[in-house]
Amino acid sequence: MSPTPVIETRGLTKVYNGLVAVDHLDLTIHEGEVYGLLGPNGSGKTTTILMLLGLTEPTEGEVQVVGWDPRRYPLRVKAQVGYIPDQVGFYGDLTAWENLMYTAKLNGIPRKEAYRRIEEALNRVGLQDVAHRPVRTFSRGMRQRLGVADVLIKNPRVIIMDEPTQGLDPESAREFLDLIRELKGEGRTILLASHLLHQVQAVCDRVGLFRRGKKALEGTVEELALQVLGMSHYVHVEVEKDAPRLAQVVRRVPGVTDVEIHDDCTLWVKSRKDVRPEVAKAVVQAGGRLLRLDVELPSLDDIYAHYFKSEAGETENE
Amino acid sequence: MTMVRAMRTQREGSPWTGLWAVVAKEMADHLSSTRMFILEMLIALTAVGTAYNAASAIRSVAGLEPKFLFLKLFTVADEPFPSFVGFLGFLVPLIAIALAFDAVNNEFNQHTLARVLSQPIYRDALLFGKFLAGLFTQFLIYSAIWLLVFGLGVWQLGIPPTGEEVGRALWLLVATVFYGGVWMAVALLFSVRFRQPATAALASIAVWLFFSIFWPMISTSLATILAPIRIGTPEEILAQARWLLALRRLAPSQLYAEIVVALLRPEVRSLGLVLPFQLEGAILGQPLPLSQSVLLIWPHLTGLIAATILLFALAYILFQRQEVRA
């Protein structure tokens, strides 16, 4: 039932000069999952990633990535895990193709196989036409796509991306998210660190909310909404008239947590599940004339804002 | 307890995985960069100019001692210009520094370090690969220059070099590469330490200037302090001279200069102080065989190599401790 974890940490801690960057982190990510690490800057996302790759020594705790401890077997881990750092950099004087060839050589891929993989990877990210242009002429979006091509060279089981869509224009960001979905479709596990919430929401199966080096919350967006906001769906109800009266009826529908009367014909219903059928029935039975009914999931932005606001309030009260 | 810990954190896999990929890439960079092209042109022009002048000087003095003419191509100076080895004394550090001053900090600045280190290689391979690539590049440049000088010699003097001359030139080549190695290690160390390539370059040049200009002056005063001449006895004078030589030899340029003298002037029998009684029975002016000259420079050469290794080790430790995130 439970899939094998590809990434597992237990009590993972990193202390930088007396400052706790990551604080006893327990993280489990399963094969084929897209997991979003969410949190403000400085909440320990990048440090966690570097520890997963064996690029930074954990102060204490256990880590396992693709079945290996990155402290002891960093080469085995890094051979199967692709990493796209934030502000991914390439050698500007070398062409895209030469940069990828260097990666292939560092991975010990035989020449013929490397040629094949480079061509495939460049086609995949749509950079085949600029393959022999120096990377310094590339735009931010092109570099980011080259970053994906770069990790594809080693045909990784896991891809870790740090702020992949930061600084991209909306169109490139959307294309990039499509690319992530495609990679997930191939069965690769993806770990995405970001603070751009709606993008994380668009692609992630599960989300972990980071705060001061700790994983504060975890789950699907729906689960998080329930935990933080106490509700998971917004239902908009438009009736012909008498909204205040109908609100009384709707309030009694099971699952509904709150009803806001917007004006004489509009109700905003907050609920713990999708209550559209029940609301429709209740309105019609009460003699109301239903014009429109739609549902909206709360955005991660709301959850995030609400969560960090309440947390800040708590710490102030301490 | 400590053993368990050591076992747990011991790394698996060769630290040299990917080394040759790094060496190949770095050498390609060096050989195609504008910076190196300028320096290569500079040193080639110097070589051709000085060797040509030396050849004409040698030809104009008929009946000059006919031995080791090819070595004279390196050492004969056309006043007021220095000889080719004189030029080498400062061109080599310049080339060496140019090869390494931005080796590591540029990876940081281009944001390539995290990406490269996330490939299945250790940091060791990256740093050592860069260093080896620098040494190989120097070897390649100097070999070309040596061939250029010898070719010019054959053309101008009309005789082929002897095996002994070739042997001495080859030893000089090795010594020159390691003289460069010291300065490359200095530059590499600074490239790890300083995030700005310009700072690293200036710091390297400052160290070089210190050792080539100020150190001779400082060592003279230090020798007078450490072994003052109070009455003027031969012992006192000798002690001071010994101190002076020992201090001066802390500078790589001094070691290199002595190596040059011993290799290119076969008649030189000692690089230290020679007292008259030590020369009893020696036939002055007779050249030493190559093996004896090599014996003479052996401590100097090992000194240069040791300094290179020591400085590289320092850079290595510093690099290992550095955090990947910029």
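A salt bridge here is a side-chain nitrogen of Lys or Arg within 4 Å of a carboxyl oxygen of Asp or Glu. By that rule, the interface of chain A and chain B holds 2 salt bridges.

This is a predicted model, in which local features need pLDDT of at least 70, side-chain atom pairs count only at pLDDT 80 or more, and totals for chains, interfaces and linings use all residues. Residues are numbered from 1 along each chain as its sequence is written, chains are lettered from A and ligands numbered from 1 in the order in which they are written, and side-chain values use heavy atoms, with hydrogens and water left out.

Select A:Arg76 and B:Glu12: they form a salt bridge, with the closest N and O atoms 2.7 Å apart.

Next, select the side of chain A that touches chain B. By class, this side has 16 nonpolar, 9 polar and 10 charged residues (Ala, Val, Leu, Ile, Met, Phe, Trp, Tyr, Cys and Pro count as nonpolar, Asp, Glu, Lys and Arg as charged, and the others, Gly among them, as polar).

Now show both sides: 35 residues of chain A are in contact (heavy atoms within 4.5 Å) with 33 residues of chain B. The two chains bury about 2,900 Å² between them, 55% of it on carbon and sulfur atoms; buried area is the accessible area (1.4 Å probe) that two parts lose on being put together, summed over both.

Finally, colour chain A by domain: domain 1 spans 5-219 and domain 2 spans 233-296, with bounds from an automatic or database domain assignment. The C-alpha centres of these two domains of chain A lie 44 Å apart.
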